[in-house]
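Biologist: I would like to learn how to read a structure. Can we start with its open spaces?

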Amino acid sequence: MSEEKQVVTMDKIISLCRRRGFIFQSSEIYGGLNGAYDYGPLGVDLKNNIRDFWWKEMTQMHDNIVGLDASILMHPRVWEASGHVSNFSDPMVDCKVCKSRFRADQIDLNAPCPVCGNKDSFTEPRNFNLMFETHIGANKDSASVVYLRPETAQGIYVDFKNVLQSSRVKIPFGIAQVGKSFRNEITTKNFIFRSCEFEQMEMQFFCKPGTEDEWFPYWREQRMNFYKKMGIHPEHLRWHQHGPDELAFYAKDAYDIQFLFPMGWQELEGVHSRTNYDLTQHEKFSGKDLTYLDPETNERYIPYVVETSAGLTRNVLMALSDAYDEEATPEGDTRTVLHFHPQIAPVKVAVLPLVKKDGIAEYASKLEHSLREDFVTFYDQSGAVGRRYRRMDEIGTPYCITVDYQTLEDHTVTVRFRDSMQQERVAVDQIVPFIKNAMKNYKRV
Ligand code: GAP
């Protein structure tokens, strides 16, 4: 699909998410809270499926990556060592007339205020730290300050030695983690793209100094392939290499995978060659030895790190945007369809009785129950079957099974494929392997 052919707008995504229970605004009945979202019944399954797809890809499919689930609250010195206390900030300006707040690097400071239209109304840019600060314990003094982590990566660095000493990993190896991160973002428009509370899927790959230039292209390729494996249109993905003005001072090289979101090309994931900066900082600030002793050469060194850092919630927006389509049907109307890869689709199989009478509904309900062990299923007996197909298309259910009069005679059902809308007659006792096979061999058109 070309850039021009994308039919989806952010408004359509937001409306579908709300209507079908993927994503709601947080605290909506109180007027909502900016930058925070709730994942509804379908959204939570979509998000968990993407997380599981990533986790399997990064841990199960590699022999040298282990998992971690570090806490959100960490010792405040962690964020001094990492540089977040002094450097993790955005330049911010306020409009003195309407009090709107903007990121100074995202607007033209010589133009009128984009909200109220007044000229020369901006304050001088000030740096605004993005970390949420809170207090642990009963005393609210400077000694009790803790931060909600703004990235999951630091938990991995801080546990590097624990993992090394307690598992059988040897360099090169990686530690993978999925979890919540928090940033007090100034600009939170564009739905879940940039929120104050979000989830990240990060992996830090520890390697011998001097080998990072081999691992860096390896991980770039792995990460791009992951999205293609998830069925994302390759034309909607591209690389962006950080220029000298974007690169962190300690980073050797950095690339972003960008996706063509409804509002244009934006970062989806970062792949960074981070040198030994973080471990060196934590060694300095904690006073603990974070070196690695190579068992073969007896060399001692602080490993270099290649990081892959993806937003899970941003992946959800990508999956919805890439899957969304409005298609003309042979009957002359339009269907809204989400072409999710079956692995990430919230519902895999819907079972629909053609009619409710003559024992057909009972047969279909029993079949649906028997499939629950293998698939997330949905049973729907209300309305015309064509409308039921449309409802399933709209939430991205890849397979619909219809039970009809012939089923009662020969125990076969029709399987209807979401993407092609074609149907195939399958024996009921072959349904599980048939669908598993279809899922495994799924190809996005
Ligand atoms: N450890 C490196 C790191 O955190 P980052 O580029 O700041 O790097 C990595 O963030 C990814 O996390 C981004 O590519 C994006 O997908 C996601 N992300 C960052 N800030 C976000 C926000 N406010 N809301 C949603 N996702 C965010």
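Modeller: Start with the term. On a 1 Å grid over the protein atoms alone, a pocket is an open set of points where a 1.4 Å probe fits, with protein on both sides within 12 Å along at least five of seven lines. Lining residues have an atom within 4 Å of a point. Grid points are joined across faces, edges and corners, and a volume is the space filled by probe spheres set on the points.
In this structure, the second largest pocket holds about 520 Å³ of space. It is lined by 20 residues, and F53, K229, H341, Q343 and M439 are the closest to its centre.

Biologist: How far can I trust such numbers?

Modeller: This is a predicted model, where local features need pLDDT of at least 70 and side-chain atom pairs count only at pLDDT 80 or more, while totals for chains, interfaces and linings use all residues. Residues are numbered from 1 along each chain as its sequence is written, and side-chain values use heavy atoms, without hydrogens and water.

Biologist: Which element gives the most to the lining of the second largest pocket?

Modeller: Elements first. Helices (H or I, at least four residues) and strands (E, at least two) are DSSP runs, numbered from the N terminus. The protein has 13 helices and 23 strands. Helix α2 gives the most to that lining, with 5 residues. α7 (212-229) and α13 (431-440) each supply at least two.

Biologist: What is the volume of the largest pocket?

Modeller: About 1,500 Å³. Of its 47 lining residues, F88, R183, H242, E267 and H272 are the closest to the centre. β13 gives the largest share of the lining, 5 residues.

Biologist: How do the residues of that lining divide into nonpolar, polar and charged?

Modeller: Ala, Val, Leu, Ile, Met, Phe, Trp, Tyr, Cys and Pro count as nonpolar, Asp, Glu, Lys and Arg as charged, and the others, Gly among them, as polar. The lining of the largest pocket has 15 nonpolar, 18 polar and 14 charged residues.

Biologist: Now the inside. What percentage of the residues count as buried?

Modeller: Buried means under 20% relative accessible area, exposed over 50%, partly exposed in between (1.4 Å probe, protein chains only). Of the 445 residues here, 52% count as buried. Take G83, in the loop between α3 (76-81) and α4. G83 counts as buried because its relative accessibility is 9%.

Biologist: Which residues of helix α1 are buried?

Modeller: M10, I13, L16 and C17. Seen down the axis of α1, they fall within an arc of 130 degrees (directions from the helix axis to the C-beta atoms), so they line one face of the helix.

Biologist: What do the buried residues of α1 pack against?

Modeller: Contact means heavy atoms within 4.5 Å. The partners are β1 (23-25), α9 (312-323), β17 (324-328), β18 (334-338) and α11 (385-394). After α1 comes G21, with a positive phi near 80 degrees.

Biologist: How many residues are in the largest nonpolar core?

Modeller: In soluble globular proteins, nonpolar side chains tend to be buried together. A nonpolar core is a set of buried Ala, Val, Leu, Ile, Met, Phe, Trp, Tyr and Cys residues joined through side-chain atoms within 4.5 Å. The largest one here has 59 residues, and F22, I50, Y227, M230, L320 and F340 have the most contacts inside it. Its largest share, 7 residues, comes from α9. Leaving out residues up to four places away in sequence, L320 touches I13, C17, F22, I23, L46, L338 and F340.
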